[in-house]
Structure formats: structure tokens, C-alpha cells
Number of protein chains: 2
Amino acid sequence: MNLSEKKKEIIERVGVYYEHKGLQPVVGRIVGLLLVAEPAEATFEEIYGELQVSKSAVSTALTFMQAKEMVEYTTKPGDRKRYFKLRLNEWKTNIQKQFDDILDIENLIKEVVVLKENRQSDFCCKLIDIKNFLLFLRKELPLLLDKFEATKNK
Amino acid sequence: MNLSEKKKEIIERVGVYYEHKGLQPVVGRIVGLLLVAEPAEATFEEIYGELQVSKSAVSTALTFMQAKEMVEYTTKPGDRKRYFKLRLNEWKTNIQKQFDDILDIENLIKEVVVLKENRQSDFCCKLIDIKNFLLFLRKELPLLLDKFEATKNK
DNA sequence: TTTTTGGTTCAGAAAGTTATGAACTAATAA
DNA sequence: TTATTAGTTCATAACTTTCTGAACCAAAAA
């Protein structure tokens, strides 16, 4: 595969990005590798070879990534190897999911507001403002995504 | 302080929400406590008492939370205790920051696209679409936030 | 049939994170 | 002056995550 230094650097940076999202290091590096690889796929063997990690670490990571719909594999006739590639079609959906995760706190805030005895307090008013903000985003974000798709069909 | 079972449950759920964001358990529980407390503040002593963790764990967490502008404290004349409370005014800014973190991958994708030899490939076209999507969101999200503020001033 | 290839599984090692408890500081009170 | 209060710091204990290496399995090749 013979990756350039620049590509190796990008793999590590993508790795760190995913680590910050709470995913395990190897997962992020596999995403990085599949981003910079040309063509954009790699076999199991290439993955653990290039990333210099054990087969088992790669096996565990790929199982996880398939469950999360991050990667898929194709096979070729007369070749038992699996060719893993990123599921880029789901990428935008994943971004949406990440937004939804942020907005998840809305339900908890709702429950907190219900418990408050004094709903006129400064604190509670601010809380209600945040709740409304989250509600607003939850409604508007899907529209924004539609708007993006619309710009492409022109 | 004498928290109801419901409040204790909410504290734990807020805790788990923050754990998923990659913050340490105690940090999330402190946010939870400061959300359900009435009035919405607590002393250092109340925090480690209610959460049943050590003083040092609370000290470390509060130092971190102050650096991240999550909490602040006020004092009262003739009382050496600090009264910690959530900085709700920054909450919406924090949500924005979380969005920005998601969009951060845009720069990496840009660099990946530059490296690609065949920019007409299916993979590269999808990558460019994602890049444009992230660019679109980075432009539109601030406008959406303005729109929310505008709805309030009517 | 035996060997090779392409992976999976799992016990435990290594590394990283989080919490504790004891010792400490600095300010106030007695 | 000594004691108490409010909180910090740090070594290390406890726990969790991540990775490795060895053993394993199933399919194909020799």
C-alpha cells in the first residue's frame, strides 16, 4: 500500500478526532486509512499491516464498525479476502445522529423544569429558554438538511 | 439538602449523558445536582455530601468545570463557603461548540480530497458532497441561532 | 489428507482514567 | 496561640478500556 507521510499524518488526525468522539483508537485509524487509501478500500490484512496493530484489534474494531454502519465489505470472485470500505452514504445520517445526541438533553431539562417549585425564578426562566432552543433546533435542523439537498437539485 | 428519589434519578441520568460526551462521571453528576437543586446552587460540602464522593474528586471536577465555563461561584458576606451554580448563560454557546466539534472533520476531509489523484471517482464525489454539506452547515447554523433569538424579541 | 488462508475468540497484559485518603495550606475563630 | 473551617494537592488504589498473542475454526488449496 505504501502510504505517504502526509497520508499517515491524516490517519492519525482522523484517529484523534474519533477518539474525542469516544470511539476506540483503532476505529478512528481505520476510518482514516479508508479515507486516504486509493482505491478507497483495504483488506483485513492490509489494515492490520498498515496500522501495525494485531489482527484481533482489527477484527473487534471492524465488527463494531459494521454494527454501527460505518463500513461494509465486498468480495471478489475466487478471492476469499474481504474488501472493506467506508459507507459514505450513511455519513450525513451519522452527522444528524450526532446532532440528535446533543439535543437529547432536552428531555432531561423538561423533567427538571416540571420538578421546579418556582417556575418564575431566574434559573428556571433560563432553563425554559434552553429547552425552547433545543426544541427549535430539533424542528429546524431537518429542514436545513432538506434545504441542502434542494440546493443540489438545481 | 434531602433530594427526592426522582431528583437522584435525574442526577444519574444527567451524569450518564455527560459520560457519553467523554466527561468524567463526577462532572456530570455535579451538573445534575445543580440542575435539580432548589435554589439552584450548592456548596462544596453539599456537593460531596450529596454525591457521596471524596472532597478531592469534587475539587478536581469543579476546577475543570470552571475552566470550561460550566460553573461559577458566588460568596456571601461573613461566610467562607463558595456557592456553585451552573452558568446557564453559556449553555447555548456550549451547544454551538458541540456542533462545531462535529463539523471539525471538514478540514480533514478537505485535505483528503486534495490528495486524491482521481477526483471523478465515485468515492471522491461523495466525499466532496459531504465536504459541501459540512460547509453548508457551518454557514447556516449561525443563521439558525440568530433566527431563534429573533423569535424571542417579538 | 494435510496445509494454507482469512479471519474470530478470549485470557490476560498494558495503558489510561477516576476516585480515595492523607497531608497540606490559608483564612478565620476561639 | 491553637483550633476549626474550606478547600487543594498528590501518591496510589481501583477500575475500565484497549490491545496482544495464542488457540481456534472453516473454507479452499495442495
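Biologist: How many Å separate the centres of domain 1 of chain A and domain 2 of chain A?

Modeller: Taken over C-alpha atoms, the centres of these two domains of chain A are separated by 33 Å, and please bear in mind that this is a predicted model. Domain 1 of chain A covers 5-86, while domain 2 covers 91-152.

Biologist: And how many residues of chain A are in contact with chain B?

Modeller: On chain A, 35 residues are in contact with 36 residues of chain B. On the chain A side, α1 (5-20), α2 (25-36), α5 (91-103), α6 (105-115) and α7 (122-152) each supply at least two residues, and α7(A) gives the most, with nine residues.

Biologist: What classes of residue has that side of chain A?

Modeller: The side of chain A that touches chain B has 21 nonpolar, three polar and 11 charged residues.

Biologist: Where is Thr60(B), then?

Modeller: Thr60(B) sits in helix α4 of chain B, and it is partly exposed because 14 other C-beta atoms lie within 10 Å, a count between the 12 or fewer of an exposed residue and the 20 or more of a buried one. The C-alpha atoms of Thr60(B) and Ile130(B), which are 70 residues apart along the chain, are separated by 39 Å.

Biologist: What joins Glu38(A) and Pro39(A)?

Modeller: A cis peptide bond joins them, with omega about 0 degrees, and Pro39(A) belongs to the loop between α2 and β1 (42-43) of chain A. In chain B, Glu38(B) and Pro39(B) are joined by a cis peptide bond with omega about -5 degrees.

Biologist: What about the phi of Glu69(A)?

Modeller: Although Glu69(A) is not a glycine, its phi is positive, at about 60 degrees; this residue lies in the loop between α4 and β2 (71-76) of chain A and is partly exposed, with 13 other C-beta atoms within 10 Å. Glu69(B) has a positive phi of about 60 degrees and, with 14 C-beta neighbours inside 10 Å, counts as partly exposed.

Key. Residues numbered from 1 in each chain as written. Chains lettered and ligands numbered in written order. Predicted model: local features only at pLDDT ≥ 70, side-chain atom pairs only at ≥ 80, totals over all residues. Domains from an automatic or database assignment. Contact = placed C-beta atoms within 7 Å. Helix = DSSP H or I, 4+ residues; strand = E, 2+ residues; numbered from the N terminus. Nonpolar A, V, L, I, M, F, W, Y, C, P; charged D, E, K, R; others polar.
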